[in-house]
Amino acid sequence: MIHFLYLPAKPVPLSAVTTRVQGADYASRFTPLETNIIEQHWNALSKKNPKVFSKPNGLGTLTSTQGTTFTFQPTEFKTYAGITAHPLRKGMMAGMRVSCVGGVVHLKDGSCILRNRPIDVSHPGKIDASFSGFAAVENDTIVIEKAIHAKLARELNITPKDIITLQLTGVHEETEEDYSCMFDVIVDVRLTKDELNLDAKQYFFLKQTEVPSFIKANKKTLLPDGRATLFASLPSALR
């Protein structure tokens, strides 16, 4: 289920919101049995994918909002992965809203990028926004802009020099599939489709005016987080 925590009428600077990370690690609330379940799941995951990693206190999970200030409790990927894979005590999953970023990239001709999620990530085959992923914790805050630039570079080969504007369009939480708190953005770039040279099997393009009808027609195939990010990217008149 999607719930917008912040949805400005038009895009705003990233500085419009404040994040802070404080308190004990989310895992401190676990019982010994739950801790063991998380550890066993992580050990199995690590054997299956030796490259997977988790940094203690490396992520945040939303605990409260006050206006445009978002307060998080420290957590890590190991905890998030275990909670979302196993039915622990009631409230454990509902209490997890991990720090993430998601964005829609607008190209030089005004079209936007969408993607089909590959088979080696969560929710394979689902349609998603241009990019998305976790946002890390540094110095007791969520490093939103750093996370965005990392995703753009790694997934779309877009560098800071390619960007015209980077603006916040909303903040939403998803409480049924990904248990996320996502900072939604629009990224306007000075690039064309040909210059990006993206894999046609994974990425496709829509005109901005086509997005509202696309969202309605693809409710089952659109990832909820991606649907919210796309919705937030629309001008108020098209929402």
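The legends below describe close-up views of a predicted model.

**View 1. The largest pocket and its lining.** The largest pocket holds about 1,600 Å³ of space. It is lined by 44 residues, of which Phe77, Gly133, Phe134, Lys151 and Arg154 are the closest to its centre. Elements giving two or more residues to the lining are helices H1 (32–48), H2 (77–85), H3 (144–156) and H6, together with strands E8 (131–134), E9 (137–138) and E12 (180–189). Helix H3 supplies the largest share, six residues. By class, the lining has 19 nonpolar, 15 charged and 10 polar residues.

**View 2. Arginine 115 in strand E6.** Strand E6 spans residues 112–116 and includes arginine 115. This arginine counts as buried because its relative accessibility is 6%, below the 20% cut-off. A polar atom of the arginine 115 side chain lies 3.1 Å from the backbone oxygen of alanine 129. Beyond four places in sequence, arginine 115 touches a run of residues made up of Lys126, Ile127, Asp128, Ala129, Ser130, Phe131 and Ser132, and also Glu155, Gln202, Tyr203 and Phe204.

**View 3. Serine 180 and aspartate 225.** Serine 180 belongs to strand E12. With a relative accessible area of 0%, serine 180 is buried. Its side chain makes a polar contact of 3.0 Å with the side chain of aspartate 225. Leaving out residues up to four places away in sequence, serine 180 touches Met96, Arg97, Val98, Cys100, His172, Glu173, Glu174 and Asp225.

**View 4. Helix H6.** Helix H6 covers residues 224–233, and eight of its 10 residues are buried, so the rest of the structure largely encloses it. The buried residues are Pro224, Asp225, Gly226, Ala228, Thr229, Leu230, Ala232 and Ser233.

**View 5. The largest nonpolar core and another core.** The largest nonpolar core has 35 residues, and those with the most contacts inside it are Val105, Ile148, Leu152, Ile158, Phe183 and Val187. Two or more residues of this core come from each of strands E4 (69–75), E5 (98–106), E11 (163–174) and E12, and from helix H3. Another core, apart from this one, has 12 residues, among them Val104, Ala129, Leu230 and Leu234. Setting aside neighbours within four places in sequence, valine 187 is in contact with Val104, Val105, His106, Phe131, Leu152, Ile163, Thr165 and Leu166.

Note on methods: Residues numbered from 1 in each chain as written. Predicted model: local features only at pLDDT ≥ 70, side-chain atom pairs only at ≥ 80, totals over all residues. Heavy atoms only, no water. Helix = DSSP H or I, 4+ residues; strand = E, 2+ residues; numbered from the N terminus. Buried < 20%, exposed > 50% of the residue type's maximum accessible area, 1.4 Å probe, protein only. Polar contact = N/O pair within 3.5 Å; in protein donor to acceptor, adjacent residues only side chain to side chain. Contact = heavy atoms within 4.5 Å. 1 Å grid on protein atoms, 1.4 Å probe; cavity = no way out; pocket = protein on both sides within 12 Å on 5 of 7 lines; lining within 4 Å. Points joined across faces, edges and corners; volume = space filled by probe spheres on them. Nonpolar A, V, L, I, M, F, W, Y, C, P; charged D, E, K, R; others polar. Core = buried A, V, L, I, M, F, W, Y, C linked by side-chain atoms within 4.5 Å.
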